[in-house]
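Please open the structure in the viewer and keep the sequence at hand.

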Amino acid sequence: MTKTSLLTTLLASTFLLTGCSGASDESDNSSDTGGATEYEGGDTLTVEEQPGPAIGDRAPVDLSLADADGNSVPVSERTGEKGTILVFTRSVDWCPYCQGQLKLLNDIAEDIGEKGYTIAGVSYDPVASLKAFSNEQDITYTLLSDDGSKLIDAFAIRDPQYADPESRAYGVPYASIFVLDSDGVVRAKSVSSDYKNRPTNDELQLLIESAG
């Protein structure tokens with residue numbers, strides 16, 4: 001097993017549908033962010049068993065997504081010298097775990113930039129919601145609107161437990177992080193089947209280091 005696969009396996013959250021908690025999308029309280037930073041660890045699977053593009057594959061980053069200012073360009077054009085870190089979350093509007101994760105990422109966004117990477121949060125939220133959240137929380141990195149879940153589906157990380165088109169969670173992804181190089185090739189990844197389980201900033205830093 002390569003260094004990247006070993007470290008990523010140790011960091012990645014489990015992908016077992018039977019391990020999902022909070023199957024109802026009504027379980028989140030948008031005003032409750034108290035537990036948003038209390039991420040829990042979980043059993044891990046090998047990287048090969050996780051959904052989404054495999055390590056070594058080029059991710060579908062030629063799709064264009066709009067940022068919080070409404071500027072739409074291909075995701076591939078948002079790369080840094082070394083690459084891009086895509087953080088897929090459910091919603092900035094109603095998921096406190098996503099809100100907490102995205103706020104914490106502010107603390108390391110500058111350091112990630114100094115390492116040569118750009119970082120972008122991706123959710124199905126409309127541009128207006130991303131703009132409001134970014135302004136309220138002073139987010140210093142890019143938030144991208146995947147309206148219609150096009151990139152989520154291209155990455156094959158849509159959470160299938162929300163199959164009802166009337167559900168507000170219809171189209172949300174598994175909480176996922178992909179570390180891509182400047183050519184869009186996946187170098188490390190972490191995909192969780194439980195939306196409450198998110199890597200800490202320290203774990204994300206290790207994931208980035210594992211990408212080489």
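Select β6 and strand β7 (residues 186–191): in this predicted model, these two strands pair in the antiparallel sense over five bridges. Within this pairing, display Val 179, which stands opposite Ala 188 in β7. Next, move to the turn of the hairpin that β6 and β7 form, where four residues lie between the strands. Gly 184, in this turn, has a positive phi of about 85 degrees.

Keep β6 (residues 176–181) selected and show its side chains. In a regular strand, side chains alternate between the two faces of the sheet. Which residues of β6 are buried on each side? Ser 176, Phe 178 and Leu 180 are buried on one side, and Ile 177, Val 179 and Asp 181 are buried on the other. Both faces of β6 are thus covered, and six of the six residues of the strand are buried.

Finally, select Gln 50, in the loop between α1 (3–11) and β1 (64–67). Is Gln 50 buried or exposed? Its relative accessible area is 6%, and because this value is under 20%, Gln 50 counts as buried. To end the tour, display Val 191 together with Gln 50: a polar atom of the Gln 50 side chain lies 3.1 Å from the backbone nitrogen of Val 191.

Key
Residues are numbered from 1 along each chain as its sequence is written. This is a predicted model: local features need pLDDT of at least 70, side-chain atom pairs count only at pLDDT 80 or more; totals for chains, interfaces and linings use all residues. Side-chain values use heavy atoms; hydrogens and water are left out. Buried means under 20% relative accessible area, exposed over 50%, partly exposed in between (1.4 Å probe, protein chains only). A polar contact is a pair of N or O atoms within 3.5 Å; within protein, one must be able to donate a hydrogen and the other to accept it, and residues adjacent in sequence count only if both atoms are side-chain atoms. Two strands pair if DSSP finds at least two bridges between them.
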